[in-house]
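Here's a quick briefing to read alongside the model. Have a look at the structure first, then go through the points below.

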Amino acid sequence: MGKSYLPASEADVLNMALFGMTAKQWRDKNPDKKGNIRDYASINELICLSNMENINAVLIEDGLNQKERLIKLNKIAIHQMLILEEQTTKILK
């Protein structure tokens, strides 16, 4: 997230926060793949994405602008993914 790039849509706010790229950037990097970035997401990424959609709605309601939301959502995504991956590892042991 080093670039000062603001995504065009709310879906891409979430994509940037979780995957670090927009849907178009993913398609450009993966021209051979069908579907979209979310079709290739892990179950943990999909859980995180669902949670972030709800959190994003609250942040919008609270009046945060897109850049502020992107930063907050990225921190939340990192934290949630660490927890989800840790739980998955524990279950598999």
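A salt bridge here is a side-chain nitrogen of Lys or Arg within 4 Å of a carboxyl oxygen of Asp or Glu. By that rule Lys24 pairs with Asp28, their closest N and O atoms being 2.9 Å apart. Keep in mind that this is a predicted model.

**Salt bridges**
- The structure has three salt bridges.
- Lys24 and Asp28 sit four residues apart in helix H2 (residues 23-29), so about one helical turn separates them.
- Arg38 and Glu53 also meet through their side chains, at 3.4 Å from N to O. Arg38 is in the loop between H2 and helix H3 (43-61) and Glu53 is in H3, so this pair ties together parts 15 residues apart in sequence.
- Arg38 is partly exposed at 23% relative accessible area, and Glu53 is partly exposed at 40%.
- Arg69 bridges to Glu10, with 2.6 Å between the closest N and O atoms. That links distant parts of the chain, as Arg69 belongs to helix H4 and Glu10 to helix H1, 59 residues apart.
- Arg69 is buried, at 6% relative accessible area, while Glu10 is partly exposed at 33%.

**Helix H1**
- H1 (residues 10-19) is mostly covered, with eight of its 10 residues buried; among them are Leu14, Leu18 and Phe19.
- Gly20 follows H1 and has a positive phi, near 80°.

**Around Met81**
- Met81 lies in helix H4 (residues 66-92) and counts as buried because its relative accessibility is 16%.
- Leaving aside residues up to four places away in sequence, Met81 touches Leu18, Asn44, Glu45 and Cys48.
- Met81 and Asn44 are 37 residues apart along the chain, yet their C-alpha atoms are separated by 6.9 Å.

Note on methods:
Residues are numbered from 1 along each chain as its sequence is written. This is a predicted model: local features need pLDDT of at least 70, side-chain atom pairs count only at pLDDT 80 or more; totals for chains, interfaces and linings use all residues. Side-chain values use heavy atoms; hydrogens and water are left out. Buried means under 20% relative accessible area, exposed over 50%, partly exposed in between (1.4 Å probe, protein chains only). Helices (H or I, at least four residues) and strands (E, at least two) are DSSP runs, numbered from the N terminus. Contact means heavy atoms within 4.5 Å.
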